[in-house]
Amino acid sequence: MTEEYAIELQNVGKKFKVRGLRDRTLKSVVLDLVSGRWRGPSEFWALKDVDFKVVRGETLGIIGSNGAGKSTLLSLITGTFRPTAGSIHTHGKVSSLLELGAGFHPDLSGRENVFLYGAIMGLSREQVNRRFDAIVEFAGLSEWIDEPVKHYSSGMYVRLGFAVAVEVDPDILLIDEVLSVGDAVFQRKCMDKMEEFRRKGKTMLIISHDLSAVMAVSDRVLFLDEGTVHGLGVPSATVEAYQSLVRKKEVEGKKRVWGTEEVVISDVEFRDGQGAVADTFGFGDPLVVRISYKAEHRIERPIFGFAICDPAGRVIYGSNTQIAGKDIASIDGEGAIELRIERLILARGRYVVSFSIHSWDHKINYYRLENAFPIGISCNEDFEGCHMSCTWSG
Amino acid sequence: MFTERLSDVYEHRGLLWILVVRNIKIRYKRSVLGFFWSLLNPLFFIAVYSTFLKLLSVKFRTDDPLYLPMLVIGIFVWQFMALCLGDSLYAVVGNSSLVKKAAFPRVILPISMVLANLLNFLLSLIILIGYLLIIDADFSRLYLLPLLVLTQCALCLGLSLIISALNVFFRDIEHLLGVLLLAWFFLTPIIYPFANIPDEYQRLSFLNPMTGIVTAYRMVFLTTDIMAPRLATMSMGIAWITCIVGLIVFEWLQPRFGEEL
């Protein structure tokens with residue numbers, strides 16, 4: 001094959017009909033038609049304007065929250081769904097690991113199911129025969145292969161499904177959330193198998209919520225949210241964009257704004273040491289926050305404060321201008337103040353930053369902006385909480 | 001479209017065969033008598049009908065020596081159809097995980113189900129022929145049998161395609177089918193000879209493809225009960241038309257299966 005691309009999607013959209021609680025039956029359809037209540041089902045777009053190409057031999061990770069349209073996308077590429085809009089072209093044999101063991105019949109033995117599943121995946125009887133031992137060996141089920149699969153554990157089920165699916169030797173392999181099933185030994189085997197596929201120049205699309213695994217195996221990452229592409233590119237940057245969105249969504253419900261509003265915080269900007277706007281920082285990096293405010297009238301000796309909390313809401317660090325010994329005589333109208341943290345010595349993870357403006361005697365809260373700004377810290381060192389230099393001796 | 005689909009199915013013949021074997025295996029899994037049920041069932045029907053019709057002393061001549069072989073043929077032939085249609089309800093719906101997750105020509109599902117029932121029927125046909133040998137039936141027209149079986153398969157497939165596809169969208173079909181089958185059973189000359197149909201309804205009765213098929217089976221095995229060949233041909237023509245309609249309906253509906261299930 002000479003095509004440069006293995007998969008090409010052009011403005012692909014997929015619309016689903018939502019019928020609400022009521023199931024459609026012959027009766028309901030007839031009644032609706034007779035009474036003129038026929039409205040048709042409501043609709044929603046699971047995917048919209050999805051447009052990308054996957055180069056032959058590339059491994060593309062697909063990330064996004066639940067319901068972002070990831071599995072719908074793979075179903076469209078597999079061909080079980082038809083796009084409502086746009087077009088999809090695949091070049092080469094596609095094998096999908098969408099739901100491992102789908103099509104296994106519980107009453108049939110593992111052996112019979114291997115042949116059935118192989119046939120579904122497009123293998124001939126001889127091909128399965130030839131690879132049968134390898135399949136059973138890979139799944140680690142030699143002793144169980146003649147048992148009906150209904151006696152299998154869910155792990156065994158998935159292992160057998162994966163073992164057959166990788167024997168198909170496809171040009172394009174679609175994998176949906178397979179990395180997270182099975183025990184550690186089996187996961188290792190899966191990763192090895194995927195590495196082998198990569199070396200052989202196969203094209204792979206991998207959906208996973210295990211972001212570090214996605215970064216490890218992907219050449220590029222596609223980030224979907226609510227059915228649209230939010231990013232496609234270098235794994236680390238795309239994963240970061242996704243994490244940033246996750247953090248934003250996480251704080252959305254927790255955000256609280258209150259106070260007398262005699263002065264309000266009109267804008268907050270987070271920048272890194274180079275002065276670029278950022279919301280992800282490395283361990284030990286500086287953080288510069290510019291807080292813009294707007295006061296209704298002259299306010300004497302206000303205090304600006306901040307707090308960094310972990311996702312559970314525990315304060316990791318907090319301080320204010322009063323503690324820092326910065327006495328602000330008064331503010332009036334619009335203005336800005338800058339907070340600089342020299343070194344962020346926090347463990348890797350997600351944090352939320354809150355800000356406040358209150359009176360010198362702490363009696364009046366002018367403005368409090370709580371749980372409003374999520375940030376992420378990346379760190380290579382393993383520790384928890386706030387970093388302290390420590391040594392052990394014995 | 002049809003040639004394209006045909007080569008598609010041919011390409012998946014391995015899967016088709018495995019599904020046929022699976023359907024047969026599953027049917028008799030964990031039943032002690034296994035395949036014999038497909039013989040015992042019609043035998044019970046025959047016993048029940050012949051006994052009760054005698055007791056009720058109905059108008060047609062149940063004491064005719066040919067009544068019993070006629071009933072036996074009718075019930076075996078009907079059984080093939082009834083089992084097919086019953087299974088067809090679940091041909092697609094019962095394989096929802098496959099339909100949702102794997103790409104293959106969907107039409108394979110009802111086809112494999114009809115083929116599994118055909119194998120079953122062919123086996124029971126051996127028993128039927130054995131019985132007919134005992135009663136010294138006339139086998140001079142046996143060469144017509146393959147064409148007849150094929151025609152019945154076409155009818156079974158056509159209806160199975162429609163039922164299996166419609167049941168994806170309207171589960172009412174499950175409840176409707178039993179009643180419709182019962183009515184159809186009595187509208188078809190199975191427990192009564194064709195000759196018992198009033199003259200003015202005989203032509204009409206051939207619009208029912210099963211009338212043509214059942215009477216043709218009897219024509220092959222028993223020299224009596226010969227009916228108008230032209231009308232029988234029309235009846236069988238309807239069977240083939242049903243098959244084509246079924247294929248069209250199924251192909252029209254199948255793109256939406258994945259989402260509907």
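Student: How many bridges join strand E14(A) to strand E15 (residues 315-320) of chain A, and in which sense do they run?

Tutor: Five bridges join E14(A) to E15(A), and the two run antiparallel. Strands (E, at least two residues) and helices (H or I, at least four) are DSSP runs numbered from the N terminus, and two strands pair if DSSP finds at least two bridges between them. Within this pair, Ala307(A) has Gly318(A) as its bridge partner in E15(A). The hairpin of E14(A) and E15(A) has five residues between the strands, and Gly313(A) takes a positive phi near 95° there.

Student: What should I know about the model and its numbering before going on?

Tutor: This is a predicted model, in which local features need pLDDT of at least 70 and side-chain atom pairs count only at pLDDT 80 or more, while totals for chains, interfaces and linings use all residues. Residues are numbered from 1 along each chain as its sequence is written, chains are lettered from A and ligands numbered from 1 in the order in which they are written, and side-chain values use heavy atoms, with hydrogens and water left out.

Student: Where in chain A is confidence lowest, and where is it highest?

Tutor: Read it from pLDDT, the predictor's confidence in each residue, from 0 to 100. Chain A has a mean of 86, with 93% of its residues at 70 or more. Confidence is lowest in helix H1 (residues 26-35) of chain A, at a mean of 72, and highest in strand E14 (residues 303-309) of chain A, at 94.

Student: Which other strand pairs with E14(A), and over how many bridges?

Tutor: Strand E17 (residues 349-358) of chain A pairs with E14(A) in the antiparallel sense over seven bridges. Gly305(A) has Ser356(A) as its bridge partner in E17(A).

Student: Why is E14(A) described as largely enclosed?

Tutor: Buried means under 20% relative accessible area, exposed over 50%, and partly exposed in between (1.4 Å probe, protein chains only). Seven of the seven residues of E14(A) are buried, so E14(A) is largely enclosed by the rest of the structure. Both faces are covered: Ile303(A), Gly305(A), Ala307(A) and Cys309(A) lie on one side, with Phe304(A), Phe306(A) and Ile308(A) on the other.

Student: What is the strand order of the open sheet with E11, E13 and E16 in chain A?

Tutor: The order is E11-E13-E16, with antiparallel pairing. Strands E11 (263-271) and E16 (330-341) of chain A are the edges, each pairing on one side only. E11(A) and strand E13 (residues 287-300) of chain A pair over eight bridges, and Phe270(A) has Val289(A) as its bridge partner in E13(A).

Student: What are the domains of chain A?

Tutor: Bounds come from an automatic or database domain assignment. Domain 1 of chain A is 5-22 + 29-247 and domain 2 is 255-378. Their centres, taken over C-alpha atoms, are separated by 44 Å.

Student: Turning to chain B, is Phe104(B) buried or exposed?

Tutor: Phe104(B) counts as buried, at 7% relative accessibility. The residue sits in the loop between helix H5 (96-101) and helix H6 (108-134) of chain B. Contact means heavy atoms within 4.5 Å. Not counting residues up to four places away in sequence, Phe104(B) touches His12(B), Leu15(B), Leu98(B) and Leu109(B).

Student: Which side chain makes a polar contact with that of Thr151(B)?

Tutor: A polar contact is a pair of N or O atoms within 3.5 Å; within protein, one must be able to donate a hydrogen and the other to accept it, and residues adjacent in sequence count only if both atoms are side-chain atoms. The side chains of Thr151(B) and Trp240(B) are joined by one of 3.4 Å. Thr151(B) is in helix H7 (residues 145-169) of chain B and counts as buried, at 3% relative accessibility.
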